[in-house]
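Trainee: Hi! Could you walk me through this one, starting with the fold?
Mentor: Happy to. Let's bring it up first.

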Amino acid sequence: MFTPFSVMGCSLELLKTGEQGIVTVCKTQDEIIRKKLISMGIKTGTQVLVEQQFPTFVIKVSNLPMTIERDIARAIYVRVVEG
């Protein structure tokens, strides 16, 4: 029998302040953005917390706050972590 389940995922840009997600994929063809993500330690499986969205986009990765550009946040897709 089929067991119902749900997977909620979206761009990091769409998360609200205080929400968390686990990076599933980075969707960009821009090599500069790719290199920035690698240098920040953001890769598949990384847990990210949105601390602030406006006026700048601030995230926390491994307990380190980082300011990122909105186009970078748009390229990061996450699975939303509840609670």
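Mentor: This is a predicted model. From the N terminus on, the elements of the protein chain run β-β-α-β-β-β-α-β.

Trainee: And how many helices and strands does the protein chain have in its secondary structure?
Mentor: Two helices and six strands.

Trainee: How does the radius of gyration of the protein chain sit against the globule rule?
Mentor: The radius of gyration is 13 Å, close to the 12 Å that the rule gives for 83 residues, so the chain is as compact as a globular protein of that length. Along its principal axes, the C-alpha trace spans about 45 × 25 × 20 Å.

Trainee: What share of the residues counts as buried?
Mentor: Of the 83 residues, 31% do. The accessible surface of the chain comes to about 5,600 Å², and 57% of that belongs to carbon and sulfur atoms.

Trainee: What about contacts with a separation of 6 or more: how much comes from residues 24 or more positions apart?
Mentor: Such pairs account for 68% of those contacts in the protein chain.

Trainee: Switching to charges, how many positive and negative side chains are there?
Mentor: There are 10 positive and 8 negative ones. The centres of the two sets lie 3 Å apart.

Trainee: Where is Pro 55 placed?
Mentor: Pro 55 sits in the loop between strand 3, residues 47-52, and strand 4, residues 57-61.

Trainee: What is the phi of Ser 62?
Mentor: Ser 62 has a positive phi of about 55°, although it is not a glycine. As a general point, most residues other than glycine have a negative phi. Look for Ser 62 in the loop between strand 4 and strand 5, the latter being residues 64-68.

Trainee: And Asn 63, what is its phi?
Mentor: Asn 63 also has a positive phi, about 65°, and is not a glycine either. Asn 63 is found in the loop between strand 4 and strand 5.

Trainee: Is Ser 62 buried or exposed?
Mentor: Exposed: the relative accessible area of Ser 62 is 62%, and the cut-off for exposed is over 50%.

Trainee: Then how about Asn 63, buried or exposed?
Mentor: Asn 63 counts as exposed, at 66% relative accessibility.

Key:
Residues numbered from 1 in each chain as written. Predicted model: local features only at pLDDT ≥ 70, side-chain atom pairs only at ≥ 80, totals over all residues. Heavy atoms only, no water. Helix = DSSP H or I, 4+ residues; strand = E, 2+ residues; numbered from the N terminus. Rg over C-alpha atoms; globule rule 2.2 N^0.38 Å. Buried < 20%, exposed > 50% of the residue type's maximum accessible area, 1.4 Å probe, protein only. Contact = heavy atoms within 4.5 Å. Areas by Shrake-Rupley, 256 points an atom, 1.4 Å probe, with all protein chains shown as cover. Lys, Arg positive; Asp, Glu negative; His and termini not counted. Charge placed at Lys NZ, Arg CZ, Asp CG, Glu CD.
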